[in-house]
Amino acid sequence: MNDSSLYRYSRHISLPQVTRIGQQKLTQSRVLIVGLGGLGSPVALYLAAAGIGQLMLVDGDQVDLSNLQRQIVHNTAQIGQDKVISAQTRLQALNPDIQMTTYSYRLEPEALQQLITTVDIVVDCSDNFTTRFAINAACVRHGIPLVSAAVQRWNGQVTVFLPTYSQSPCYACLYPNQEEEGEVCSETGILAPVVGIIGSIQAVEVIKVLLNIGESLCGKLLLLDTFTLQWRTLKLPKDPACLVCSSVNFIREIR
Amino acid sequence: MTIVVKFFGSLREEIGNHEVKIKAEQPLTVAQVWAQACDEVPLPHHIWTAVNMNYVEQNTLVQDGDEVAFFPPVTGGSDEN
């Protein structure tokens, strides 16, 4: 780490749980962010600022005027641009030291799976069930940690799945009935800062899992209702009948 | 027995109340608690349920003094145009 990096990350390095060794680890980490919208914006901004060495950005959408109320990685001049390009520009300006790879299209399950095998952790900031289930299945199969969150209206939820731990639930344990459609925010609305709160927690969890420190949200579902400002942490058990994770052989080497 | 029932997120908005108390003579399942608290409307399949902060199935039996909470699953990533 050169002098400029030592100084840039000095507030991390001062943390006894991180230190120079932890920061070095972050700079060598590869993180996949699926979705550069409301959640993906704070996730990408904080992880770029934190010095995650390589960010893989996936999003098939273009920046729309109605995104800018909450998707803070993009700006008004970038309306119409691919979101991954718009985000890359902003993130590279924030931290020129990091490397990024962009995918400006919705990845098919097979391509997604291949990409997931090349990263240390996945952050699900996507907006639809199909993508969420595909990400989960690939993470379970390849033993890749997954930080998952969702938001709508005044509410948010966030959790962590660590498929290498035998007791970890997976996203499918939460939604045993995959065919059910949830509400989408274009129909129900979303209060801008809710994505900032929940996305920031996702970024915290990514850093903790990468550094293997602290207590993660694995096995717990953190729920937020900002209208009444109530937080809830539910214990989330693994579903022994889960079609995705129950049949996987969990005796894997913990990386 | 008395059961504390809590509603979160959009459920709180729809029901117009974030907490009610119900009384029961017989042991109830989580789904029956919902029905009693919500004018016998059946508990929708997709609603998440928790007893004393533990995520549980809808057919879980509830004990006297338990807190039963209902949550609408949140799915958006706020990525939509």
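How many salt bridges are there between chain A and chain B?

1. The count is three, a salt bridge being a side-chain nitrogen of Lys or Arg within 4 Å of a carboxyl oxygen of Asp or Glu. Arg153(A) and Glu13(B) are joined in a salt bridge through their side chains, at 2.3 Å from N to O.

2. This is a predicted model, in which local features need pLDDT of at least 70 and side-chain atom pairs count only at pLDDT 80 or more, whereas totals for chains, interfaces and linings use all residues. Residues are numbered from 1 along each chain as its sequence is written, chains are lettered from A and ligands numbered from 1 in the order in which they are written, and side-chain values use heavy atoms, with hydrogens and water left out.

3. On the contact (heavy atoms within 4.5 Å), chain A contributes 51 residues and chain B 26 residues. The buried area is about 3100 Å², with 49% from carbon and sulfur atoms; buried area is the accessible area (1.4 Å probe) that two parts lose on being put together, summed over both. Asp127(A), Arg232(A) and Leu234(A) supply 20% of what chain A buries against chain B, more than any other three residues.

4. Leu229(A) lies in the loop between strand E7 (220-225) and strand E8 (230-235) of chain A, strands being DSSP runs of at least two residues (E), numbered from the N terminus. Leu229(A) is exposed, at 54% relative accessible area, where exposed means over 50% (1.4 Å probe, protein chains only).

Conventions: Helix = DSSP H or I, 4+ residues; strand = E, 2+ residues; numbered from the N terminus. Buried < 20%, exposed > 50% of the residue type's maximum accessible area, 1.4 Å probe, protein only.
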